Every structure is written in structure tokens, then in C-alpha cells.
Amino acid sequence: MEELVARRLAIVPTTNCSLNCKLCMDYLSGPVKRRDIPLEDVCRDIDACFALFDRVVWLQFVGGEVFVYRDFAKLLDYALRYRDRFDRLIIETNATVFPDEAGRQALLRHGDALSIYVSDYGELSRARGKFDQFAREHNIHYVVKKYHGDGQYFDGWIDNTNPHDLKEPGDVLEVNAMNCPQCRLRNMHCYDGKLHRCSNSCFMQEMGLFPPKDGDFVDLRDVSRSREEKREIIREFYTHARRSCRYCKQKYMAILPRYPAAQQLKKG
Ligand code: SF4
Ligand code: SF4
């Protein structure tokens, strides 16, 4: 039986976030609700993913903002049960909130298995200095992506808000979707019991932009489907456009205008 490997498997324990970005790629400043997924449900989803995949290259924790998740430490300990099944655990943070004592201890327990990736939004990333120091003192692998001022990572953000049917003819859509950077990266997204091929598929579905379509995601909690059926859906994730691709501009990323990252919506 052919091995099933996830190159990048992003787990989203929370869509709560410390920021309120105008161009939020998870639509958290729009229709997607901010909420914590209960720890037991996230753990169940991690079990389900590792039951489906033979191996994961990068396991990722992403949000929202993972360090506002109240059970971060327990979640990290839980994921590390699978240490022999993944190469590295990547924690993505906006460096606004430094982890509490329990979170720091958990990071130290597993420091050699993980990397902290900071999206540095300048003044907004208030805890950046503490993260720098913590990673340096404890020899934790640490990467900073600069998202402020000149020379922003990827030249800044694109505007993929207000998704609507782009009305590409079917064959054009197929070619564009296959060339989408997210498709090429094979960055799967797991949120609240569902595994999608990318974050846009996940959150456009979450906002109710279109009805769920069989094969666009795996319902990890569906016991009526066998492991092999679910693995087959995953194998097909990258063979054709998903419903979300019709609405999503990310496939034109190479030519889209760029905007400064993390511009905040005004309160009130
Ligand atoms: S930091 Fe900004 S873009 Fe990222 S999840 Fe929070 S609100 Fe969205
Ligand atoms: S076009 Fe959008 S929905 Fe389709 S694979 Fe790319 S990022 Fe995902």
C-alpha cells in the first residue's frame, strides 16, 4: 500500500486572535467566528490525522493566535505523543502574547522537536523581544518573518477578502488552481473535525460561502467512511480545483498587488 505523507499539516486549535487585521486571510475580521475548539476535540482530530497519515513532515500549530489558546501547554504535550511520526512541529505566532508559565514549560519540554515561526508585525508584535530572548537562551529553533516597514516577506499581503465567484471557465480554473502556491505547497488545514487541502478551502467553507461538497474535505469524525476511503479523498486533494478555488484569488498571488501586512481595523 502506497505511503500517505502530509508535507505540511496545520492544526488550528483556535480562531481567537489578539489582532484584528483588515486583510485577515482567515476572515476573522469578517464572517468567520472567533472561537476556541475544545482541547479534547483538537486531540481527537490529531489522533484522526495520525491514523490517516503514515508520516507528517511538518506538523504546524496555527491560529488565530495559538498563544491565546488556553490549553496550549496540554495541546503541545498531546501532539508530542506522535514525536516519532513527524519531523518537526512548527508553531506560528504573531508574537503579541508571550506564553504563560505552563506554555513556556511545555515549550522547554519539547524544545528540540519544535521551531517557533514569528510573523513580525513591528509594533504590534509586542512580545517579540521576549520570544527572541527565550529562543536564544533555550536554544530553540526560531525564525522571524518580517512583515513591517520596507522589504516585507513576500512583499506584504494580498487582498483575498470579499470572496466571490470569479467566473473562470472550467479549464482555466483547473489550470490556475493547480498552479496555486497553496496547492504546490500541499499545506493541509485541520479545523474543528475537518481536514482541507488549504486554509481558504477551510475558512470559505466555515463562512458558509457554498454548501459542503463531497471530496473537498475529509470529515475526520465521520465513522461511516473507512480509513482507506478517507485516504483516497486526501490523495485526490491536489488533482483538481476545489469549490473554494472558484472564489479565491490566492492562485494569482504572483501578480496581485501587495499591501502592508496586519493593518488593523479601527475599533468601534
Ligand atoms: S494575526 Fe491577523 S491575519 Fe493572523 S489570524 Fe490574527 S487577525 Fe487574522
Ligand atoms: S486557489 Fe485558493 S482555495 Fe484553491 S488551492 Fe489555492 S488557496 Fe486553496
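Predicted model: local features only at pLDDT ≥ 70, side-chain atom pairs only at ≥ 80, totals over all residues.
Figure 1. Cysteine 24 sits in the loop that runs between strand S1 (5-12) and H1. Is cysteine 24 buried or exposed? Cysteine 24 has 21 other C-beta atoms within 10 Å, so this residue is buried. A residue counts as buried when 20 or more such atoms lie within that distance. Glutamate 3 is 21 residues away from cysteine 24 along the chain. Their C-alpha atoms are separated by 35 Å.

**Figure 2. Valine 97 and its contacts.** Valine 97 lies in the loop between strand S3 (86-93) and helix H3 (101-109). With 20 other C-beta atoms within 10 Å, valine 97 is buried. Which residues does valine 97 touch, leaving out those up to four places away in sequence? They are Ser18, Glu65, Phe67, Val68 and Ala127. Proline 181 is 84 residues from valine 97 in sequence. In space, the two are 29 Å apart, C-alpha to C-alpha.

**Figure 3. Helix H1 against helix H2.** A pair of packed helices is described by the angle between the axes and the distance between them. Here the axes of H1 (residues 39-52) and H2 (residues 72-79) come within 10 Å. They cross at roughly 20 degrees. Angles under 35 degrees count as roughly parallel, and H1 and H2 are therefore roughly parallel to each other. The crossing of H1 with H2 is right-handed. From H1, the contact takes in Leu39, Val42, Cys43 and Ile46. From H2, Lys74, Leu75, Tyr78 and Ala79 take part. These residues comprise 7 nonpolar, no polar and 1 charged.

**Figure 4. Helix H2 against helix H3.** The axes of H2 and H3 come within 8 Å of each other, with a crossing angle of roughly 20 degrees. That angle makes H2 roughly parallel to H3. The handedness of this crossing is left-handed, whereas H1 passes H2 in a right-handed one. Which residues of H2 meet H3? Phe72, Ala73, Leu76 and Asp77 do. Their partners in H3 are Ala102, Gly103, Gln105 and Ala106. The contact of H2 with H3 is made up of 5 nonpolar, 2 polar and 1 charged residues.

**Figure 5. Helix H7 and its cover.** Helix H7 (residues 199-206) is mostly covered. How many of its 8 residues are buried? The count is 7. The buried residues are Ser199, Asn200, Ser201, Cys202, Phe203, Met204 and Gln205. Their cover includes helix H6 (181-185) and strand S6 (187-191). Strand S7 (194-196) and strand S8 (217-219) also contribute. After H7 comes glycine 208. The phi of glycine 208 is positive, near 75 degrees.

**Figure 6. Surroundings of ligand 2.** Ligand 2 is surrounded by 13 residues. The closest are Cys180, Gln182, Cys198, Cys245 and Cys248. Which helices each supply at least two residues of this shell? H6 and H7 do. The shell around ligand 2 divides into 6 nonpolar, 5 polar and 2 charged residues.

How values were computed:
Residues numbered from 1 in each chain as written. Chains lettered and ligands numbered in written order. Axes fitted to C-alpha atoms, helices over the stretch in contact; angles between N-to-C directions. Helix = DSSP H or I, 4+ residues; strand = E, 2+ residues; numbered from the N terminus. Parallel < 35°, antiparallel > 145°, perpendicular 65-115°, else oblique. Left-handed = near helix turned anticlockwise from the far one by under 90°. Contact = placed C-beta atoms within 7 Å. Nonpolar A, V, L, I, M, F, W, Y, C, P; charged D, E, K, R; others polar. Buried ≥ 20, exposed ≤ 12 C-beta atoms within 10 Å, placed from the backbone. Near = placed C-beta within 6 Å.
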